[in-house]
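Dear colleague,

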Amino acid sequence: MIFGINRLELPHKKAGCDMDKLEEYQRWQNNLARVRFPRWKELPTLGLYVDQVVAIVNEQLNHLGIEPLTKSMVNNYVKKKVIQAPIKKKYAVNQLVDLLLIGLLKSNFSLDDIRAGIAQVTMNSYPQAAYDRFVEILNALLAGEEIPSNNVINPQNDRLMTLALKSVLTRMDAAQLLTAMQKVAQPAPLENNYL
């Protein structure tokens, strides 16, 4: 099960090339199940330059097939006050975490909603505890495992993080499945003649 949905079961007997395309989708699902986002303590704590931050964020996003961040995107996030400005051009772990969250969530949510969600979840929790719980939920969903219980983050914040992650992962899953299905067979074009 992935993202609360059963994984695609393929027949044991292959129907030629068409099944190969769907097997690509199944391989993508299996690879996704092995992806692990780093916890707070696993992230670099020394000040990082923007190139280093972008490389670290994109390495994680790449595992999920998510569009990479660019230096100009990061600079725009700083200008728009979506993330804190670097100190002497160096980014701290909290800014790295914000960029990981933005990179992961930006396909489904506006920057304002992402920022509001981060503020909401960290209002009564330390950012490290909130981020680690976010990663715990994400890693469980990716692996198709049950989300472990947690008493550190309040239940509403926990549910908010779970729903946000499920929406992102479900969107990714649907896009991958559609791509695989389109490789198998293209639907007939719509005709302009309506009855």
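Helices here are DSSP runs (H or I, at least four residues), as strands are (E, at least two), and they are numbered from the N terminus. This is a predicted model, in which local features need pLDDT of at least 70 and side-chain atom pairs count only at pLDDT 80 or more, while totals for chains, interfaces and linings use all residues. Residues are numbered from 1 along each chain as its sequence is written, and side-chain values use heavy atoms, with hydrogens and water left out.

A search of the whole structure finds two aromatic pairs, where rings of Phe, Tyr and Trp (its six-membered ring) pair if their centres lie within 6.5 Å, and planes under 30 degrees apart count as stacked, over 60 as edge-to-face and the rest as tilted. Tyr25 and Trp28 are stacked, because their ring centres lie 6.0 Å apart and their planes meet at 25°. These two residues are three apart in helix 1, and therefore separated by about one helical turn. Tyr25 is buried at 5% relative accessibility, as is Trp28 at 14% (buried means under 20% relative accessible area, exposed over 50%, partly exposed in between, with a 1.4 Å probe and protein chains only).

The rings of Trp40 and Tyr131 are edge-to-face, since their centres are 6.2 Å apart and their planes stand at 65°. This pair links distant parts of the chain, with Trp40 in the loop between helix 1 and helix 2 and Tyr131 in helix 6, 91 residues apart. Both Trp40 and Tyr131 are buried.

Best regards
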